[in-house]
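Me: Here is a model I want to go through. I will ask what the labels rest on.

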Amino acid sequence: MSTVLKKDLEVVCNSLEKARSLAPDIGPRFYRLLISESMEMKAVFDSVNMKTQHTRFFSMLNIILIRMRDQRPFISLLQDLGKQHLKYRIRGEDFVIFQAVFLKLLHELFGSEFDESLRNSWVLVFEKINQIMRSGIDYSTAKISRAN
Ligand code: HEM
């Protein structure tokens with residue numbers, strides 16, 4: 001995987017801020033899209049309180065991105081978050097769908113402005129976040145099964 005550069009983090013932080021101002025409802029909108037794109041995701045979030053979930057997700061994403069950009073510690077925060085996600089029965093492949101839908105939403109919001117360069121910066125940063133979260137999860141001892 002290529003390295004996340006300071007430039008990518010600047011670009012991603014700025015674009016998240018812009019996305020939030022373009023779409024103040026970005027939180028609920030993201031989860032609506034996620035659930036509509038995948039039955040699997042619908043099942044995952046079925047019993048979750050969606051009134052608070054989008055705020056928790058976006059606040060955390062913002063904190064992580066700013067820490068990464070400002071070169072402040074973020075690894076153990078992400079690994080702990082990963083561990084929590086094991087409790088929520090989140091599997092490795094769920095991160096892939098989650099990221100793909102997030103990128104889709106950005107494309108919807110930015111249109112042609114979401115060009116290859118902006119997309120690449122987002123992919124690098126998101127993959128880094130996913131990779132560190134997953135490194136906090138010990139899948140070898142985990143038995144993750146879902147009713148559906
Ligand atoms: C960028 C990656 C992610 C971040 C920053 C993130 C952030 C968060 C945060 C902050 C919480 C609330 C934790 C708490 O207060 O206990 C949470 C809960 C949750 N997340 Fe994530 N998450 C990420 C990826 C994912 C993925 C890939 C999935 C699965 C598709 C997922 C599904 C969930 C679920 C099901 C909950 C539990 C909600 C509940 O039961 O109340 N998250 N996430």
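Me: Which residues come nearest to the ligand, and what makes a residue count as near?
Reply: R56, M60, Y88, D94 and F98 come nearest, of the 19 residues around the ligand. A residue is near when its C-beta atom, placed from the backbone, lies within 6 Å of the molecule. This is a predicted model: local features need pLDDT of at least 70, side-chain atom pairs count only at pLDDT 80 or more, and totals for chains, interfaces and linings use all residues. Numbering starts from 1 along each chain as its sequence is written.

Me: Which elements give two or more residues to the shell around the ligand?
Reply: α3 (39-44), α4 (50-69), α5 (75-87) and α6 do. The largest share, 5 residues, comes from α4. Helices here are DSSP runs (H or I, at least four residues), numbered from the N terminus.

Me: How do the residues of that shell divide into nonpolar, polar and charged?
Reply: The shell has 13 nonpolar, 4 polar and 2 charged residues. Ala, Val, Leu, Ile, Met, Phe, Trp, Tyr, Cys and Pro count as nonpolar, Asp, Glu, Lys and Arg as charged, and the others, Gly among them, as polar.

Me: Why is A19 called partly exposed?
Reply: A19 has 18 C-beta neighbours inside 10 Å. Buried needs 20 or more other C-beta atoms within 10 Å, exposed 12 or fewer, with C-beta atoms placed from the backbone. The count for A19 falls in between, so A19 is partly exposed.

Me: Where is A19, and what does A19 touch?
Reply: A19 sits in helix α1. Leaving out residues up to four places away in sequence, A19 touches I26, L106 and L109. Contact means C-beta atoms, placed from the backbone, within 7 Å. A19 and F110 are 91 residues apart in sequence, yet 7.7 Å apart in space, C-alpha to C-alpha.

Me: Why is α1 called roughly perpendicular to α7?
Reply: Their axes come within 9 Å and cross at roughly 100 degrees. Roughly perpendicular covers 65 to 115 degrees, so α1 and α7 qualify. Axes are lines fitted to C-alpha atoms, for helices over the stretch in contact, and angles run from 0 to 180 degrees between N-to-C directions.

Me: Which residues meet there?
Reply: D8, L9, V11, V12 and S15 in α1 meet L118, S121, W122, L124 and V125 in α7. They divide into 7 nonpolar, 2 polar and 1 charged.

Terms used. Contact = placed C-beta atoms within 7 Å. Parallel < 35°, antiparallel > 145°, perpendicular 65-115°, else oblique.
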